[in-house]
Amino acid sequence: MALYPFSALLARMKYITRWSLMHCARTETLSEHTADTALLAHTLCLVARDVLGQTGVRPEAVAVAALYHDAPEILTGDMPTPVKYKNERLRDAYKTLEAQSARAMAQLAPPALRPAMENWLTAGSLSEEEHALLKAADRLSALIKCLEETQGGNKEFAAALAQQKKALQGMACPAADYFMDHMLPCYALTLDELTQVR
C-alpha cells in the first residue's frame, strides 16, 4: 500500500516558529500566520472586488493559495526577513530554494494530486493582481503581529512595525490601503469595544 505524507508534512507548520530573531511576548507559529494570511487575503479580495470594483479577483482562490503560501518553510525553515532580503543574490537563492521545496513537497501527494498541489504551493494559478493581494495580506499579517506586540509593551517590535507600515504603503495596493484605514484601527480595541463598534 502506497503512503503519501503530504498532508502530514503540512501539519508540521504548527512546529515552526516565526520571528526567530526577535523577543516575542507571544510566540507565533507558521500555522497561525498561514490562517491569518488566508483570512486577510480573502478579505482584501472582497474589498478589491465589492468595495473598489476590481473585476477578475477570486477571493476563494487567493485564500486557498494563502493557506499554502509559506508551506515550503516546513523544509527550509522561516528565514528571517533581514537575512532573506539582505541582497539580491540571497533573495534569488532563497526564492529558488522555496520553488524546489514546493516541487519536492508536491511529490509527496498522491500522483493525481501532484500538479494541483504544486500549483497551490507556488500560487501558479493566480493573476498578477491576485498575487499582489496575497502579498499584501502576508505583509498585513506581519504588521498585525508587530502591532499586537507593541501594544503589549514589547518595544522590540517598534522598528518592525514602522518598517511593515512603510512596506505596505509602498505596495500601492488600494485594498490594503482601505483595510489600513477602516479595519486595522480595530485591532487596538478590546473585545467589549469590538462588539459595540458600528
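A: Happy to! A cut-off comes first: a residue counts as buried under 20% relative accessible area, as exposed over 50%, and as partly exposed in between. Leucine 97, at 36% relative accessibility, therefore counts as partly exposed. Leucine 97 has its place in helix 6, residues 88-106. Please keep in mind that this is a predicted model.

The largest nonpolar core holds 36 residues. Within this core, Leu44, Leu133, Leu134 and Leu140 have the most contacts. At least two residues each come from helix 2 (30-51), helix 3 (59-68), helix 8 (128-151), helix 9 (158-170) and helix 10 (174-182). Helix 8 gives the largest share of the core, with 10 residues. As general background, nonpolar side chains tend to be buried together in soluble globular proteins.

Once neighbours within four places in sequence are set aside, leucine 44 is in contact with Leu133, Ala136, Ala137, Leu140, Ala175, Ala176 and Phe179.

Helix 8 deserves a geometric check. With 24 residues at 1.5 Å a residue, helix 8 should span 34 Å, and its end C-alpha atoms are 34 Å apart, which agrees. Serine 141 also has its place in helix 8. Is serine 141 buried or exposed? Its relative accessible area is 3%, so serine 141 is buried. Apart from neighbours within four places in sequence, the contacts of serine 141 are Glu28, His33, Asp36, Thr37 and Leu40. After helix 8 comes glycine 153, with a positive phi near 95°.

Helix 9 passes a similar check: its 13 residues should span 18 Å at 1.5 Å a residue, and its end C-alpha atoms are 19 Å apart, which agrees. Which residues of helix 9 are buried? They are Ala160, Leu161, Gln164 and Leu168. These residues cover an arc of only 105° around the axis, which means that they lie on the same side of helix 9. An α-helix has 3.6 residues a turn, so residues three or four places apart point the same way. The cover over the buried residues of helix 9 includes helix 8 and helix 10. Ala159, Lys166, Gln169 and Gly170 are exposed on the other side of helix 9. Alanine 162 lies in helix 9 as well, and its relative accessibility of 49% is why alanine 162 counts as partly exposed. From C-alpha to C-alpha, alanine 162 and methionine 13 are 27 Å apart in space, while 149 residues separate them in sequence.

Helix 3 packs with helix 7 (residues 114-121) at an angle of about 90°, and their axes are 8 Å apart. Angles of 65 to 115 degrees count as roughly perpendicular, so helix 3 is roughly perpendicular to helix 7. At this meeting, Ala61, Val64, Ala65 and Tyr68 of helix 3 face Met117, Trp120 and Leu121 of helix 7 in contact. Leucine 67 is also found in helix 3, and with a relative accessible area of 40% leucine 67 is partly exposed. Leaving out neighbours within four places in sequence, leucine 67 is in contact with Met13, Thr34 and Ala38.

Finally, the loops hold two backbone details worth a look. Most residues other than glycine have a negative phi. Alanine 123, in the loop between helix 7 and helix 8, has a positive phi of about 55° although it is not a glycine. Alanine 172, in the loop between helix 9 and helix 10, has a positive phi too, near 50°. What about their surroundings? Alanine 123 is at 13% relative accessibility and therefore counts as buried. Alanine 172 has a relative accessible area of 61%, so alanine 172 is exposed.

Key:
Residues numbered from 1 in each chain as written. Predicted model: local features only at pLDDT ≥ 70, side-chain atom pairs only at ≥ 80, totals over all residues. Heavy atoms only, no water. Core = buried A, V, L, I, M, F, W, Y, C linked by side-chain atoms within 4.5 Å. Buried < 20%, exposed > 50% of the residue type's maximum accessible area, 1.4 Å probe, protein only. Helix = DSSP H or I, 4+ residues; strand = E, 2+ residues; numbered from the N terminus. Contact = heavy atoms within 4.5 Å. Expected span 1.5 Å × (residues − 1). Arc of directions from axis to C-beta. Axes fitted to C-alpha atoms, helices over the stretch in contact; angles between N-to-C directions. Parallel < 35°, antiparallel > 145°, perpendicular 65-115°, else oblique.
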